[in-house]
Amino acid sequence: MKHTSLLVESPGSIAAARREHVAGMQEQRKMRIAHYGRTKSAKYQGKVVPADSSATNTISREEKRCSFITPNSDPIYVAYHDEEWGVPVHDDKLLFELLVLTGAQVGSDWTSVLKKREAFREAFSGFDAEVVARFTEKKIASISAEYGIDTSQVRAVVDNSNKILEVKREFGSFDKYLWGIC
């Protein structure tokens, strides 16, 4: 066992290189986070900003992408992968949005959900839990009809918004509650 721990801790080891790589990726993600954790993909022109500003070369995103991203992948999914996937989120509205979108994904694929994202934002008042919690049955029926979202799914979002408000009262924010679990 001591031999293994020496390999993990020794400079130049694979583990040390991996730790350095992960730290660099985390720094890059922090640099790309904008409003609600989103960035504009055109801003980076297909390049990843180096974690170390003294670095002389940039690494293309294709080299950093997961194997499930292929040349045939939908651009909206690629943008999500490059700019949002794996980026820590601390905004209550975005956390609520991710909760709703994850629920919407059941029986579907993430690309389809991402294509409906703007409609969900409109339907659920920008994912403002206080506004959504006040939706009446009439409003629920209206959203269901206008946006083509199943009535039971709209009700679930309203119920979740009420639960988020309870969490906020007890913990101060949805973010503190979720990240306090980790």
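At roughly what angle do the axes of helix 10 and helix 11 cross? This tour of a predicted model begins with the whole chain and returns to that question on the way.

**The whole chain**

Display the chain as a cartoon. There are 11 helices and 2 strands. Followed from the N terminus, the order of elements is α-α-β-β-α-α-α-α-α-α-α-α-α. Of the 182 residues in the chain, 32% are buried. Among contacts with a separation of 6 or more, 51% link residues 24 or more positions apart.

**The largest nonpolar core**

Next, select Phe 96, Val 100, Phe 120, Phe 124, Val 132, Phe 135 and Ile 149. These residues have the most contacts inside the largest nonpolar core, which has 29 residues. At least two core residues come from each of helix 5 (92–105), helix 6 (110–115), helix 7 (117–123), helix 8 (129–132), helix 9 (137–147) and helix 10 (151–171). In soluble globular proteins, nonpolar side chains tend to be buried together.

Keep Phe 96 selected and show its surroundings. Beyond residues up to four places away in sequence, Phe 96 touches Phe 127, Ala 129, Val 132, Val 157, Asn 160, Ser 161, Ile 164 and Phe 174.

**Helix 10 and helix 11**

Select helix 10 together with helix 11, residues 174–181. The axes of this pair come within 7 Å and cross at roughly 80°, which means that helix 10 is roughly perpendicular to helix 11. Show the side chains where the two helices meet: Ile 164, Val 167, Lys 168 and Phe 171 on helix 10, and Phe 174, Lys 176 and Tyr 177 on helix 11. By class, this contact of helix 10 with helix 11 has 5 nonpolar, no polar and 2 charged residues.

**Helix 5 and helix 11**

On helix 5, select Asp 92, Leu 95 and Phe 96, which meet Phe 174, Asp 175 and Leu 178 of helix 11. The contact of helix 5 with helix 11 comprises 4 nonpolar, no polar and 2 charged residues.

**Gln 105**

Finally, select Gln 105, which also lies in helix 5. Gln 105 counts as partly exposed because its relative accessibility is 28%, between the limits of 20% for buried and 50% for exposed. Apart from neighbours within four places in sequence, Gln 105 is in contact with Trp 110 and Val 113.

Definitions and conventions: Residues are numbered from 1 along each chain as its sequence is written. This is a predicted model: local features need pLDDT of at least 70, side-chain atom pairs count only at pLDDT 80 or more; totals for chains, interfaces and linings use all residues. Side-chain values use heavy atoms; hydrogens and water are left out. Helices (H or I, at least four residues) and strands (E, at least two) are DSSP runs, numbered from the N terminus. Buried means under 20% relative accessible area, exposed over 50%, partly exposed in between (1.4 Å probe, protein chains only). Contact means heavy atoms within 4.5 Å. A nonpolar core is a set of buried Ala, Val, Leu, Ile, Met, Phe, Trp, Tyr and Cys residues joined through side-chain atoms within 4.5 Å. Axes are lines fitted to C-alpha atoms, for helices over the stretch in contact, and angles run from 0 to 180 degrees between N-to-C directions. Angles under 35 degrees count as roughly parallel, over 145 as roughly antiparallel, 65 to 115 as roughly perpendicular and the rest as oblique. Ala, Val, Leu, Ile, Met, Phe, Trp, Tyr, Cys and Pro count as nonpolar, Asp, Glu, Lys and Arg as charged, and the others, Gly among them, as polar.
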